[in-house]
Amino acid sequence: MKIEIPYLKKTFPLEFSDENLLAVAEPNEFKAAGTMEQILGEALKRPYGPNSFTKDGPQANAEQGQGLEDFLHGGTRILIIINDATRPTPTEMILKGLLPVFEKTGIQIENLTFIVATGAHRGPTEDEYRQILGVFYDKLRNRCVHHDARKDEDMADLGTTRNGTPILLNKRLFEADRIIATGSVEPHYFAGFTGGRKAFLPGIAAYKTIQENHKQALSKAAHSLALGGNPVHEDMMDALPLIKAPVFSLMTILDKEQRVAAATTGDLMASFYAAVEIARKIFCVTIPAKADIVVSVAKFPMDIDLYQSQKAIDNGAVALKDGGTLILVSSCRDGIGDEAYAKLLASAKSPADALRRISEGYKLGYHKAAKMAAVSNRATIKAVTELPTERLKSMFIESAASPQAALDEGLRKAQSRGIAVPKILILPDGCVTVPESQD
C-alpha cells in the first residue's frame, strides 16, 4: 500500500504491506446542500431561535430566530468577532454573506469594528490579515483590531464562574450595541468543540481568565466531544449571560477538504448545538480496534506550530495501544508556539515528572504539556517537522526525517515486542478527526 502524506507544499510517500493497515480514518463524507454562498444564504434565511436547538437536539414547535436584517435594525456600533489565522474558519466567505446585508440595512463601514479573537495568541501579521480578510483586505483592514489578552486596561471585570475562574472580557463588547460572533465548529481536545461560546472565552478574554479556564483542561471531564460536565465548557457558558448587547451567531462546519459543509445562524447557543450535531457526523469516525502505530497529520493551518499541532497527537492517542508509536506529521512552520509548555517539559526528567510538576503549580500552557506528557508516558511519539531535533527531544518527542523512516522504526519496535503484524492507523486530518474504537 502506498499513501501520500501532505507536508507544506509537497507530499511524502508512505509505503507498507496491505496486511498492516488497520484503517485510513478521515472525516466522514457529508453532502453539502449547494455552494458555499448558497449554504450561507440558506442559513441566514433560517436562523435558530433561543432554545430551538439544545444539547438534547431540536425542540418541537420551536420558533425561528430573528433574522440578521431585523437584528441589525437600530444598530450603530456593530462588533464582529472573527477568528485568527490558526483557525480554518472561512472568514472571507462569511464576509461575502454579511456585507450585502449591512449595505441593505444602511449599516456603513464606519459602523463596523472587526475584532480578531486571538485568545492568548499573538496578533495577526499583515500576511495573516490578508489570509483572513481575503478580497476584503483593502476595504476592511482599517476597521480591524486584534484582541490582546495581556492588556488588562482593555478588560471589563464581570465576576467569576461557578468554577472560580475570573471573567474579564474585552471592553469593546460593552461599547457595541450589536455583536456578531463568527467561527467554525469542530471537535476540540479539551473544550469538547470549538465555536460558539469560544468566540468570547477564550477568544476575547483576559490572560488571567484564559489561564484559569485552561487549567480546567487538567480535569478528566475535559476532553474531545465532552460538553456536559466539562468545566472548560462550563466557564464559557457562565460568561455568556454577562454580555449585554444582542448577539447574532454565524457558525460554519467544514468537511475533510476544509470546504463549507454546512452553516448555522441565529441564537448563539442554539446555532452552536445545531452545528455540533453536524460536526459529530463529520468528524467522529469509527475504527475497528486500537492501533499499534498511528500516523496523525496536522493539516494547514493547524500545522502553524507545535502548540496547535498537538491536537493531532491527542486525537491520535485516542486510537493508540499502550506501548505503541504515534507519528506526528506537521511542519510547525512558525515554531513551537507558546513557550511555557515547552519549558515545563524541558525542565522535567521524564513525562511522569512533568505531570507531577504540573499538578504542583499551573501556568497557561501547562495543560498542553500535561496532554503531551500523558501520551509520552505510555507510548513513543515521533515527529516529522521543521523543529530542531534537540528541541523535540527536550519535550520527549523523537525526530524523524520522514514519515517512512518513522513508520519503519515503529514497525521494528512493534515486532520486537512480539507483534507479528503491527496494525497501522492513518489520520490524514488528525487535528479534527476523533477516532472511536469498537473494542
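This is a predicted model: local features need pLDDT of at least 70, side-chain atom pairs count only at pLDDT 80 or more; totals for chains, interfaces and linings use all residues.
**Close-up 1. Helices α10 and α12 pack against each other.** On the α10 side, the contact is made by A340, Y341, L344 and L345; α12 brings in Y366, K368, A369, M372 and A373. Sort those residues by type and you get 8 nonpolar, no polar and 1 charged.

**Close-up 2. Helix α12 also crosses α9.** Here the axes come within 10 Å and cross at roughly 40 degrees, and α9 and α12 are therefore oblique to each other. This crossing is left-handed. From α9, the residues to look for are L306, Y307, Q310, K311, I313, D314 and A317. They meet H367, K368, K371, M372 and V375 of α12. The contact of α9 with α12 has 6 nonpolar, 2 polar and 4 charged residues. Keep an eye on K368 and M372: both take part in the contact with α10 and in the one with α9.

**Close-up 3. Six strands line up in an open, parallel sheet.** Reading across the sheet, the order is β3-β21-β17-β18-β19-β20. Strands β3 (21–24) and β20 (398–399) stand at the edges with a single partner strand each, so one side of each has no neighbour in the sheet. What joins β3 to strand β21 (residues 424–427)? The two run parallel and are linked by 3 bridges; for a landmark, find A23, whose bridge partner in β21 is L425.

**Close-up 4. Strand β14 has a partner in β11 and another in β15.** Is β14 (residues 247–254) largely enclosed or left open? Of its 8 residues, 7 are buried, so the strand is largely enclosed by the rest of the structure. Strand β11 (residues 178–184) runs parallel to β14 and is joined to it by 6 bridges, with T182 partnering L250. The pairing of β14 with strand β15 (residues 260–266) is antiparallel, over 6 bridges, and there I253 has A262 as its bridge partner. In the hairpin of β14 and β15, 5 residues lie between the strands, and Q258 takes a positive phi near 60 degrees.

**Close-up 5. T113 sits in strand β7 (residues 112–117).** Buried means under 20% relative accessible area, so T113, at 19%, counts as buried. Which residues does T113 touch, leaving aside its neighbours within four places in sequence? The contacts are I78, L79, I80, R143, V145 and R172. If you'd like a sense of scale, V295 is 182 residues from T113 along the chain, and their C-alpha atoms are separated by 42 Å.

Methods
Residues are numbered from 1 along each chain as its sequence is written. Side-chain values use heavy atoms; hydrogens and water are left out. Axes are lines fitted to C-alpha atoms, for helices over the stretch in contact, and angles run from 0 to 180 degrees between N-to-C directions. Helices (H or I, at least four residues) and strands (E, at least two) are DSSP runs, numbered from the N terminus. Contact means heavy atoms within 4.5 Å. Ala, Val, Leu, Ile, Met, Phe, Trp, Tyr, Cys and Pro count as nonpolar, Asp, Glu, Lys and Arg as charged, and the others, Gly among them, as polar. Buried means under 20% relative accessible area, exposed over 50%, partly exposed in between (1.4 Å probe, protein chains only). Two strands pair if DSSP finds at least two bridges between them. Angles under 35 degrees count as roughly parallel, over 145 as roughly antiparallel, 65 to 115 as roughly perpendicular and the rest as oblique. A crossing is left-handed if the near helix is turned anticlockwise from the far one by less than a right angle, and right-handed if clockwise.
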